[in-house]
Every structure is written in structure tokens, then in C-alpha cells.
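Please look through the sequence and the model shown here, then read on.

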Amino acid sequence: MADASALTVRFWGVRGSIACPSPEYMGFGGNTSCVEIRAGGRLVILDAGTGIRPLGKLLRGEGATEADILFSHTHWDHVNGFPFFAPAFEPDHAFRVFAGHLGEEGGIREAIAGHMHEPMFPVPLDVMKARLSFTDFRAGETLEIGPGVRARTAPLNHPNGATAYRIEHAGRAVCYVTDTEHVPGRPDENVLNLIADADLVIYDSTYTDAELPARGGWGHSTWQEGLRLVRRAGARRLVVFHHDPDHDDETMAAIERELAAESAEGIVAREGMQLEL
Ligand SMILES: [Zn+2]
Ligand SMILES: [Zn+2]
């Protein structure tokens, strides 16, 4: 971490749709979407699914007081951990929150405040004592995260919208592309442009190609499409992500074997996994 040029990625929640805490999911992990990226001394958190709770504990232990939280969108599996992110309750901490899918619908502050509201939740957003800033942008814009760190963005094909991110630092790039549905046989140009030549592409692989026809319109993609996009875009590695809550460890291990047979560049995300680019 001392290396200023390093870009590290750590997976705190790899599951989609709903957390699955039962034993048959523990090999790959049951928490919902949350990915930590450290780049150029900055801490970037992608989504606040249930995986952000243990990340918050680590940050408190480290004494970290600042981060940028980038939301892909605000479906439950990407926001449910936010009210349990302990550092946000600490004074003298500061978190910048961004979303790119809500421009005309009230914005990210209102969405989070609505989520933390009686009778659905007893602790309102105002109780968080950290300095919180909320920024809505339009997916497609570029965010300057800090010196030498920027996030390019792109809109995704998902009910209620979603935003993909490409975090760039020191000549390296990691992309976070979830949640999104592809049209079979027609690669998504927005995704291809965003992930071009990237070192790592974390991709919505909720389903397999065999499962997709019965799940049309649900807003998700497949690991096979992830592989096709990565190859076409000249990106280096694929991370299979946003695992279906119906895919237990046995199913995920079978997917991992199939992926390994197809490609040496594919990795199935596991909770706790860390990668250095
Ligand atoms: Zn999701
Ligand atoms: Zn979603």
C-alpha cells in the first residue's frame, strides 16, 4: 500500500439481489455488492451493499476518515449496508457520495434519506455525524476523484438505470460494470468503450448464458458475455461478480471450472479476495 502507483481492489460483497448468509454460500460469500479500491492514497468504495459493514469496521481500526462512495444505482442490494457503515456516524470524518442514475428523480441524497426513514428504518440520515456530500452526475461524465485518480462513467441497461465506473490511476484501470443486461449477439457499445484496454473488469455475471432466456428483462448479464466483452475490448482480466443468490458454492465452483476451461484471464469473485494491479 505504500507504493503510490499501486491500485488495489478488495471484494467485501460479491452477491447480487439479496444477502445469503447460510453455510452453503460461505465459500464465495454471502454479502451484497461492495468493492474497495485504493489508488494514489485515495479510498474509493463502489456500492454500499451489506459488504460495506465489515469494511467500515476495518476503516475504523485503521483510523481512515475519508472516502468516496460511488453508487452503481440504488437497488436494495447496493445500498442496504449504508446505514450500518460505522465511520459515517463519526464526527470529523468525510464521505463524498456519488450517483449517476437519478438526475431527474430527486437525487442520491433523497434516495438514501428515503431508505433510512421510518417506518422502514429507525435511524434517519441526519444522525450520521460525518460530513457527507451528495453529488448527482449524468452517467457518461468523468469524475475527478483526487490527484491522479479519476473515474470515467457510462450508463448501463438496467431497470431504473445504473452506472458503470472505470477508475484510472498511474496508467492502470479497473472497471466496475454492474448491474446490466445485454442483448444477445449485440455487445453493449457503452460497456465496450468504457472497458477498452482495462486491466480488470468486474462484471455483472448473475446468470449463465443457459439461464438468461428465462430471465429476460431482469436487468442482468452472464459470465460468458463478460468474457466476450473483455476480449472484444482488449481488456486484460474479467472478474465474475454479482452472484445469483440461487447459486450456492457448488454451482459457483462449477461456473469457476467452466470459466477456467474457457479462459486463463477469468476470476470468480470471492468475498475477501484482494487483487493488486
Ligand atoms: Zn444488484
Ligand atoms: Zn439492480
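## Aspartates at the metal site

Aspartate 179 has a relative accessible area of 1% and is therefore buried, a term that means under 20% relative accessible area, with exposed meaning over 50% and partly exposed in between (1.4 Å probe, protein chains only). Aspartate 77 is also counted as buried, at 7% relative accessibility.

The model is predicted: local features need pLDDT of at least 70, side-chain atom pairs count only at pLDDT 80 or more, and totals for chains, interfaces and linings use all residues. Residues are numbered from 1 along each chain as its sequence is written, chains are lettered from A and ligands numbered from 1 in the order in which they are written, and side-chain values use heavy atoms, with hydrogens and water left out.

## The zinc site

Four protein donors lie 2.1 Å from the zinc ion (ligand 1): Asp77 (OD), His78 (NE2), Asp179 (OD) and His242 (NE2). Donors here are N, O and S atoms within 2.8 Å of the metal (3.2 Å for Na, K and Ca); water is not among the atoms, so sites may look incomplete. Along the sequence, the donor residues of this zinc ion (ligand 1) follow the spacing D-H-x100-D-x62-H.

The zinc ion (ligand 2) is 3.6 Å from the zinc ion (ligand 1), and aspartate 179 coordinates both. Aspartate 77 belongs to helix H2 (residues 76-79), whereas aspartate 179 is in the loop between strand E10 (172-177) and helix H4 (189-195), so the pair ties together parts that are 102 residues apart in sequence. Helices (H or I, at least four residues) and strands (E, at least two) are DSSP runs, numbered from the N terminus.

## Cysteines

The count of disulfides is 0, a disulfide being a pair of cysteine sulfur atoms within 2.5 Å. Cysteine 20 is in no disulfide, and the nearest cysteine sulfur, that of cysteine 34, is 16 Å away. Cysteine 20 is buried, with a relative accessible area of 6%. Cysteine 34 is likewise buried, at a relative accessible area of 0%.

## Serine 221

Serine 221 is placed in the loop between strand E11 (200-204) and helix H5 (223-233). Its relative accessible area is 0%, so serine 221 is buried. From serine 221 to valine 191 the separation is 30 residues in sequence and 12 Å in space, C-alpha to C-alpha.
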